[in-house]
Amino acid sequence: MTMGIVLTLFLAAVFIVLPVMIYNRLVRARNEYRNALAQIQVQLKRRHDLVPNLVEAAAAALKHERQTLEAVMTARNQAAAVLQSSMGSGETAALAQSENALTSALRGLNVAVEAYPELKGNETIQALTEELSSTENRVAFARQAYNDSVMSYNNTRETFPASLLADFFGHKKNAPLLHFDDYAAIRHAPKVHLDLNG
């Protein structure tokens with residue numbers, strides 16, 4: 001091979017192959033974090049679907065706690081609406097805010113349920129709260145997977161040589177991490193403490 005052919009192949013690799021590889025890495029990383037967000041949305045939908053069942057099961061015994069039940073359902077409906085509107089948009093700030101409000105309202109429901117002994121032994125309430133706890137754990141794992149994917153995408157976008165071409169390929173800004181205000185609430189699912197001995 002002559003020096004000219006070697007130089008031509010090198011330049012072809014630098015100006016054709018390298019940009020294609022960078023583009024493909026960016027697209028793959030973006031698709032991974034979008035998929036991870038979709039997984040969070042699945043788990044949040046599951047959470048939203050469980051809340052009305054829990055409220056309905058507790059409603060008969062909590063007649064005097066109507067305001068608490070209404071607060072839970074209002075927060076649930078708002079969170080479900082935000083979830084629906086955020087699907088595909090990648091909007092995480094409003095999603096986190098609405099989920100924080102729902103978590104807070106569920107804590108209020110848990111306190112109310114604690115005050116009624118007949119609910120402590122209710123098998124339906126127990127099953128629903130266990131299912132809600134399981135779902136909260138799934139949300140936490142999905143959120144962690146999403147944030148890991150976002151970090152990978154952002155690192156790919158910001159590191160050399162991808163940083164030189166990211167804007168040109170349409171990857172103009174970092175993906176947002178999903179932050180919940182109350183990390184303890186998302187790691188430790190809201191639970192109704194049922195004292196079966198008392």
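Helices here are DSSP runs of H or I with at least four residues, numbered from the N terminus. This is a predicted model, in which local features need pLDDT of at least 70 and side-chain atom pairs count only at pLDDT 80 or more, while totals for chains, interfaces and linings use all residues. Residues are numbered from 1 along each chain as its sequence is written, and side-chain values use heavy atoms, without hydrogens and water.

I start with asparagine 147, which sits in helix α5. Its relative accessibility is 12%, so asparagine 147 counts as buried (under 20% relative accessible area, with a 1.4 Å probe and protein chains only). Beyond residues up to four places away in sequence, asparagine 147 touches Leu177 and Leu178; contact means heavy atoms within 4.5 Å.

I turn now to the nonpolar cores. Such a core is a set of buried Ala, Val, Leu, Ile, Met, Phe, Trp, Tyr and Cys residues joined through side-chain atoms within 4.5 Å. The largest has 22 residues, and Leu62, Val72, Leu106, Leu109 and Leu119 have the most contacts inside it. Two or more of its residues come from each of α1 (3-59), α2 (66-86), α3 (93-114) and α5 (123-158). Another core, of 16 residues, lies apart from it and includes Leu178.

Finally, which residues of α1 meet α3? Among them are Leu37, Arg47, His48 and Leu54, and on the α3 side the residues include Glu99, Leu106 and Leu109. By class, this contact of α1 with α3 has eleven nonpolar, two polar and two charged residues (Asp, Glu, Lys and Arg count as charged; Ala, Val, Leu, Ile, Met, Phe, Trp, Tyr, Cys and Pro as nonpolar; the others as polar).

Note on methods
Buried means under 20% relative accessible area, exposed over 50%, partly exposed in between (1.4 Å probe, protein chains only).
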